[in-house]
Amino acid sequence: MSDLLRDSQSFQGLADNKQAIEIYEQIDNFKRLCESVGKDLSVLGGEEMPDNWRANRVCGRLDFAYLGEQSTAPVLRGELKLALPAVCQRCMKAFEWPLQTTLSLALVRASAADIEDVETEIPRAPADYELWELPDDTVRPIDIIDEALVMALPMAPKHVEMSRCIEFEQAARAPHTMTPFASLRTAMDRDKQN
Ligand SMILES: [Zn+2]
């Protein structure tokens with residue numbers, strides 16, 4: 001049985017068929033994404049680690065087509081969404097960051113004779129495509145998704161609503177607010193002794 005997402009296929013063929021692929025896959029099925037997310041979460045203590053985060057789903061859709069009506073250059077457009085398990089960089093708690101990314105890729109074999117033609121064709125295309133070089137004429141769509149998601153990972157994810165962080169920040173600040181009173185008491189004690 002063929003698996004459009006995982007099989008290595010001719011990207012020319014996918015474009016010929018105007019192939020669409022629906023995606024509803026666990027993070028666990030994306031090797032590099034899984035590694036990156038796991039590394040980001042590793043700063044959390046064992047109890048704070050979100051349960052079963054590898055089961056969160058990547059949802060979306062890929063569409064293969066040609067660069068333009070007259071073109072024979074295959075392109076891939078896609079939309080991906082994921083409730084990304086992450087660590088808030090403001091309060092350092094686990095949360096889910098709404099990751100959303102789009103792909104607009106012109107697929108070309110790295111050694112292809114027409115690579116420059118495709119490059120000059122891109123600016124004239126209706127959408128803004130990025131050149132995506134592949135080692136041969138085939139592609140495993142899941143590999144592209146994996147790489148695109150890793151590239152879309154936020155550098156410093158934070159709770160969207162800052163109020164979610166505030167409780168923790170207040171707790172963290174509490175010992176500091178005690179300090180002036182503590183030193184005041186020390187000063188008063190010292191006065192009494194004198
Ligand atoms: Zn936060």
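Lys 18 has 10 other C-beta atoms within 10 Å, so Lys 18 is exposed. The model in which this was computed is a predicted one.

Lys 18 lies in the loop between α1 and β2. Its phi is near 45 degrees, which is a positive value in a residue other than glycine. Most residues other than glycine have a negative phi. Asn 52 is not a glycine either, and has a positive phi of about 50 degrees. Asn 52 is found in the loop between α2 and β3, and with 10 C-beta neighbours inside 10 Å it counts as exposed.

Now the overall plan. The protein has five helices and seven strands. Starting at the N terminus, the order of elements is β-α-β-α-β-β-β-α-β-β-α-α. Of the 194 residues in the protein, buried residues make up 20%. Among contacts with a separation of 6 or more, 71% are accounted for by residues 24 or more positions apart.

Arg 6 is found in the segment before β1 (9-10). Leaving aside residues up to four places away in sequence, Arg 6 touches Arg 140 and Ile 142. Arg 6 has 13 C-beta neighbours inside 10 Å, so it counts as partly exposed.

Val 160 sits in the loop between α4 and α5 (163-193). From C-alpha to C-alpha, Val 160 and Trp 97 are 7.8 Å apart in space and 63 residues apart in sequence. Val 160 is exposed, because 11 other C-beta atoms lie within 10 Å.

Ile 27 is in the loop between β2 and α2. Is Ile 27 buried or exposed? With 21 other C-beta atoms within 10 Å, Ile 27 is buried. Ile 27 and Arg 54 are 27 residues apart in sequence, and their C-alpha atoms are 5.1 Å apart in space. Not counting residues up to four places away in sequence, Ile 27 touches Leu 33, Cys 34, Val 37, Trp 53, Arg 54, Asn 56 and Val 58.

In soluble globular proteins, nonpolar side chains tend to be buried together. The largest nonpolar core here has 18 residues, and those that touch the most other members are Ala 73, Val 75, Leu 76, Leu 105, Ala 106 and Leu 107. At least two residues of this core come from each of α1 (11-16), β3, β4 and β5. The most is given by β5, with five residues. Apart from this core lies another, of 13 residues, among them Phe 30, Trp 53, Val 87 and Ile 142. Ala 106 is one of the residues named in the largest core. Which residues does Ala 106 touch, not counting residues up to four places away in sequence? They are Leu 67, Ala 73, Val 75, Val 118, Ile 122, Tyr 129, Leu 131 and Trp 132.

The buried residues in α4 are Pro 141, Ile 142, Ile 145, Asp 146 and Leu 149. Seen down the axis of α4, these buried residues fall within an arc of 140 degrees, so they line one face of the helix. What do the buried residues of α4 pack against? Their partners are β2 (20-26), α2 (31-41), β3 (57-66), β4 (74-87), β5 (94-109) and β7 (138-139).

One of these partners, α2, is a helix. Two packed helices are described by the angle between their axes and the distance between the axes. For α2 and α4, the angle is about 25 degrees and the axes are 7 Å apart. Angles under 35 degrees count as roughly parallel, and therefore α2 is roughly parallel to α4. Where the two helices meet, Lys 31, Arg 32, Leu 33 and Ser 36 belong to α2, while Asp 146, Glu 147, Leu 149 and Val 150 belong to α4. Of these, Asp 146 and Leu 149 are also buried residues of α4.

Definitions and conventions
Residues numbered from 1 in each chain as written. Predicted model: local features only at pLDDT ≥ 70, side-chain atom pairs only at ≥ 80, totals over all residues. Buried ≥ 20, exposed ≤ 12 C-beta atoms within 10 Å, placed from the backbone. Helix = DSSP H or I, 4+ residues; strand = E, 2+ residues; numbered from the N terminus. Arc of directions from axis to C-beta. Contact = placed C-beta atoms within 7 Å. Core = buried A, V, L, I, M, F, W, Y, C linked by C-beta atoms within 7 Å. Axes fitted to C-alpha atoms, helices over the stretch in contact; angles between N-to-C directions. Parallel < 35°, antiparallel > 145°, perpendicular 65-115°, else oblique.
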